[in-house]
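Subject: Structure handover

Hello,

Here is the structure I promised to pass on. Please open it first, then read my notes below.

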Amino acid sequence: MDGLLNAQQIETFRSEMLEMKKNIEQRWEQNEHFGIGRAFIQESSGELSNYDNHPGDNATELYEREKDIALNDHAEEEYEDIKRALEAIEKGTYGKCEVCGIDIPFDRLDIIPTATTCKDHSPEQAVSTDRPVEEDVLSPPFSRFFYDGEDVVAYDAEDSYQDVSRYGSSDGPSDFYESPDHYNDTYINSDEQVGYVESFENFIGTDMEGKEIKIYPNEEHEQYEDALDEEGIMTTFGDLLPYEKDPYTAKDEE
């Protein structure tokens, strides 16, 4: 055979694959193909009926069954690859890519002796992006109804989570860098404004035309005033000049 491999190397790979083939056959004989031929759950667990079993126990048995099926599928695929490579040795084509015909590097065969293609023509070129269907609603958090960064002030999924988490979550006071002042503050973004953007929207109202501005004293209004007094400013964006110097409420006149 022409190529990168000599007769001794080919024989070494052949002996290695025969040993791999024998090990798989022995495992199948010992565990009856991972118990695939036995009925679920009765034969595999020795139960006459699973009617009176706890759902959690049934779920455990289901998980073990799924694992056995996956292991058996993996073993069958490996077994077929071994048979394919041994047939290539018998035909005198082992060590050459069955697609393009170029020599398969020795390092590749040393790691995967069952390889019958070069790396460029390997059947598994891309990493699968298929994900479990439940991830459509479980991750990433709030992805389907999350409007941060958008020009939307609607009540979104994050707001809904915050409303629920205030009644308890896996986070506790010990998880915070700073000790909260009140139990109602022991959840993520507890200080976030819900239902409005600017603080003054919570205590200022107007008529339908945006006129007749009126302040409704409440706790939020007191907190707003206290924050301004603490900073020594008139508004959150700084002091306002007297009306005589800057009539900021009047329209500019040409």
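Start with Thr 116. Is Thr 116 buried or exposed? Thr 116 has a relative accessibility of 12%. The cut-off for buried is under 20%, so Thr 116 counts as buried. Find Thr 116 in the loop between H4 and helix H5 (135-138). Leaving out residues up to four places away in sequence, Thr 116 touches Arg 84, Ala 85, Lys 96, Cys 97, Glu 98 and Ile 104.

Keep in mind that this is a predicted model.

Now the overall picture. The chain has seven helices and two strands. Along the sequence, their order is α-α-α-α-α-α-β-β-α. The chain has 254 residues, and 18% of them count as buried. Take the contacts with a separation of 6 or more: 44% of them join residues 24 or more positions apart.

Next, the largest pocket. Its space comes to about 500 Å³. The lining has 18 residues, and the closest to the centre are Glu 77, Asp 81, Ile 112, Thr 114 and Pro 123. Helix H3 (55-91) and helix H4 (106-111) are the elements that each give two or more residues to this lining. H3 gives the most, with five residues.

Then the salt bridges. Side chains of opposite charge can pair when their charged atoms come close. How many salt bridges are there? The count is seven. Three residues, Glu 11, Arg 14 and Glu 90, are linked in a network. Glu 11 meets Arg 14 at 3.6 Å, N to O. Both lie in helix H1 (residues 7-35), three residues apart, about one turn of the helix. Glu 90 meets Arg 14 at 4.0 Å, N to O. That pair links distant parts of the chain, since Glu 90 is in helix H3 and Arg 14 is in helix H1, 76 residues apart. Glu 90 is exposed, at 60% relative accessible area. Arg 14 is partly exposed, at 27%, and Glu 11 is partly exposed, at 41%.

Another bridge joins Glu 25 and Lys 21, at 3.0 Å, N to O. These two also lie in helix H1, four residues apart.

Last, the surface. Phe 200, Ile 204, Ile 213 and Ile 215 form a nonpolar patch there, with about 360 Å² of accessible area together. Phe 200 sits in the loop between helix H6 (157-165) and strand E1 (204-205). Its relative accessible area is 32%, so Phe 200 is partly exposed.

Best wishes

Methods:
Residues numbered from 1 in each chain as written. Predicted model: local features only at pLDDT ≥ 70, side-chain atom pairs only at ≥ 80, totals over all residues. Heavy atoms only, no water. Buried < 20%, exposed > 50% of the residue type's maximum accessible area, 1.4 Å probe, protein only. Contact = heavy atoms within 4.5 Å. Patch = residues over 30% accessible without salt bridge, like charges linked within 9 Å, V, L, I, M, F, W, Y side chains within 5 Å. Areas by Shrake-Rupley, 256 points an atom, 1.4 Å probe, with all protein chains shown as cover. Salt bridge = Lys/Arg side-chain N within 4 Å of Asp/Glu carboxyl O. 1 Å grid on protein atoms, 1.4 Å probe; cavity = no way out; pocket = protein on both sides within 12 Å on 5 of 7 lines; lining within 4 Å. Points joined across faces, edges and corners; volume = space filled by probe spheres on them.
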